[in-house]
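Please keep the sequence and the model in view while reading.

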Amino acid sequence: MPDRIGKAWQVLGTVLDPEVPALSVCDLGIVRDVIDHGAELEVVLTPTYSGCPATEVIEQSVLDALRAEGLGPARATLRRAPAWTTDWISDEGRRKLHDYGIAPPRPALPDGAAPIRIVRREPSIACPRCGSTHTERLSAFGSTACKAMYRCLDCREPFEYFKPL
C-alpha cells in the first residue's frame, strides 16, 4: 500500500484541468510538491500564469479530491516562483494534448533566452489530426490565453496550439 504522499500523488493524477480536461493537474506540471505535515497535507501549486481564471477551481478540486479519498485535511499553497513553463508538461501530458486535438507546445528557450531573428517567421506547427506542417495561424488566442488557433491547409481542420511559455 502506498504511503500517504504516494496516495496523494495518485489522487492528484486524476484531477483534471478545467480548461484542458484531457490533462490532469500533474500532467500539466502545476502540482510542484506534496508535503505531509502530519496533521495535514500541503499541496504546492504553481498556476500556469498569475491571472489564470482557473486557479481557484483547481485549488478546490485538488482539496476536494484529497478529502474524498480520506487524505485530508489538506491545504493548497500557491508558489509563483519559479514561474510555470510549458516545459513542465509531462511527456504523457504532451501525448494527451495531441490525442485531444491540441498541438503540444515546443520546448521553451532555456533561462529566458530569446532567439535572434533577422526575418520574423512563424515556426511550422504540426496538425494534431493529420501531422502536416502545412498550417497557418488564424488567431494569437484560442479558447484560453495560453492557446492559439491554427488551421491545417491540407486536411482543412482547425486546431489549437498550446503556446510555449
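T85 has a relative accessibility of 15% and therefore counts as buried, a term that means under 20% relative accessible area with a 1.4 Å probe and protein chains only, whereas exposed means over 50% and partly exposed lies in between. The model is predicted, so local features need pLDDT of at least 70 and side-chain atom pairs count only at pLDDT 80 or more, while totals for chains, interfaces and linings use all residues. Residues are numbered from 1 along each chain as its sequence is written, and side-chain values use heavy atoms, with hydrogens and water left out.

**Surroundings of T85**

- T85 is located in the loop between β3 (74-78) and α4 (91-100); helices (H or I, at least four residues) and strands (E, at least two) are DSSP runs, numbered from the N terminus.
- Not counting residues up to four places away in sequence, T85 touches A108 and L165, where contact means heavy atoms within 4.5 Å.

**The chain as a whole**

- The protein chain has four helices and seven strands, and their pattern along the sequence is α-α-β-β-α-β-α-β-β-β-β.
- Of its 165 residues, 36% count as buried.
- The C-alpha trace spans about 55 × 30 × 25 Å along its principal axes.

**Nonpolar cores**

- A nonpolar core is a set of buried Ala, Val, Leu, Ile, Met, Phe, Trp, Tyr and Cys residues joined through side-chain atoms within 4.5 Å.
- The largest such core has 29 residues, of which L12, V62, L66 and F162 touch the most other members.
- Two or more residues of this core come from each of α1, α2 (25-28), β1 (31-36), β2 (41-45) and α3, and α3 gives the most, with five residues.
- Apart from this core lies another, of eight residues, including A103, A148, Y150 and Y161.
- Leaving aside neighbours within four places in sequence, F162 is in contact with residues including V20, L28, W84 and P104.

**Packing of α1 and α3**

- Helix α1 (residues 4-12) packs against helix α3 (residues 55-68) at an angle of about 125°, with the axes 10 Å apart; axes are lines fitted to C-alpha atoms, for helices over the stretch in contact, and angles run from 0 to 180 degrees between N-to-C directions.
- The two helices are therefore oblique to each other, as angles under 35 degrees count as roughly parallel, over 145 as roughly antiparallel, 65 to 115 as roughly perpendicular and the rest as oblique.
- A8, V11 and L12 of α1 make the contact with V62, A65 and L66 of α3.
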